Amino acid sequence: MLTLLLIEPSENTPDLWRIAVLAGRVGGVLHRTRTLCLLALLCAVAPWPADAEESPPAIVWPAQDAFIDADNGIVVSGLAPGQVIAVHAEETIGDTVWAAHAHYVANERGIIDTRTFHASGGTWSGIDANGWTWAMYPTSHYGASVFNQARAANPTDPKLHPADSSLRRTIELSIRDAGRIVGRTTVFRKRPTAAAQYEVDETKHRTVRGRVYLPKSSQKKDVGVLVLGGSFGGLLKREPHWFAARGYVAMSLAYFKYGDLPTSGSQLPLEYFAEALQWFRSAEKVRQVVVMGRSRGGEAALLIAKHFPKLVDGVIAQAPSHVVNNGEGEAWGDWLTEPQSMWTLGGEDIAHVPYEKSQTQEAILRRKRSMQRLPGYATAPEYGAIWKDANSVYSIPAAQIAAPVLLQAGGLDGIWPSVWAVEQLKEQCATSSCQHWIVDVFPDGGHAWGMPGEITTARSSVFVDQGIKGFVWLGGTPAGNARAARAGWASVQSFLNRLDSNGFSP
């Protein structure tokens, strides 16, 4: 026989333990076996009244190791209805720690799903499962206001510019309840890379310069992509890696400010691009070639497709113009007064809109003031003014482009009004026999939204340290550029997938 001494229940005692107390009082003395059985049953169905830890919430993390454009949704369950938790991310870049966070409120079922729930009170907001990948700031200058103040004071400080040159991002993710970590994991986001690459120099071609990026032989498709950069010259290097990683042979073509090429972005012959296309087709045995260009490169891509239709099977023009513009000159900023066209054909300048017509005294004063602070100098109003009055002779003849075309533009483009440009190009096409023109407009995107999965908090503005010196507003919001990067890349892949041996599939 065993005598039980049962404590006086308090208001915090669980109900089943209250029953046990009552049973003890009524039964008095219980047989040892029955007592142990009762205690075992109570332990199985009720928590001890001591300060036992709460069960942690169940968390479904995103894929631990994936490409940088992967799905990044997080689902948390087992929460109390209305409970507020924070999603927190940290990444060390060089010797700087970058971080992002936002809060979520659990629904009546105690669940949070970042793919469909609104975030608030952090570095990103709204419905955005990818917020923790792009909305990062240095922990030493955390938040948009402090971060931009630091950038304005130290525009060339590398610690204020997130590098994307490593092969992958390593991000520490955690779920926090009132600052207490209730779950954590590490995720890796691989940046796409080509299987191999080689330089196109005088040993490969007499005049063409660039770099070819090769996919794995098992992935290789018979479509190649010729990639053109914009007004800064040189090579675009990230985009070709992305194409090669998806099975396309890619060639990043330089056309000025690279090696022994011209140092001035003016009076550049379109025939050079034709030579490059012919060499690329022959050297890599690609059956079809798509020309992709951004900004001035998009302007070039459209002109190339018009003048050399047999060499171009598709065009991707990101943030292009719909008219031909004057040249870039030697240093970035020389385009303010450059008298020559950027392009020639048959040795003659292609008729162009002169930018210097926008340079009123008011515009000059505005430029000087705005370049000294963030967000910086926006050239879009000035381009808009000269494009509005441009004679049709300066227009890119879109109606004469036979190849399928994908046009992409940001609604907050700070360099030039590219949404207006793509609308003008599409309008030409609508009244002609050209087919398969696709237009993507990203309402909050800027001029250079970049590639998916990267930090965008410093992408809206850039500090230019050549020619004119100061901040230039590329445009877009951090969230808008992140969305444009993902949606734009998905659209590019879809466009390329529609090219087959029978042409462009509907």
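Predicted model: local features only at pLDDT ≥ 70, side-chain atom pairs only at ≥ 80, totals over all residues.
I started with K190, which lies over the face of F67, 5.1 Å from the ring centre. For a charge over a ring, NZ of Lys or CZ of Arg must be within 6 Å of the ring centre and within 35 degrees of the ring normal. I also looked up R168: its charged end sits over the ring of F188, 4.0 Å from the centre.

Residues are numbered from 1 along each chain as its sequence is written, and side-chain values use heavy atoms, leaving out hydrogens and water.

Next, ring pairs. I found 21 aromatic pairs in the structure (Phe, Tyr or Trp rings, the six-membered one for Trp, with centres within 6.5 Å; planes under 30 degrees apart are stacked, over 60 edge-to-face, the rest tilted). Y137 and F147 have ring centres 5.3 Å apart and planes at 75°, so they pair edge-to-face. I noted that Y137 counts as buried at 7% relative accessibility, and F147 does at 0% (buried is under 20% relative accessible area, exposed over 50%, partly exposed in between, with a 1.4 Å probe and protein chains only). F273 and W343 are edge-to-face too, 5.9 Å centre to centre with 65° between the planes. Both F273 and W343 are buried.

Which residues do ring pairs link into a cluster? I wrote down F232, W332, W335, Y355, Y383, W387, W416 and W420.

Last, I checked D113, which counts as buried at 13% relative accessibility.
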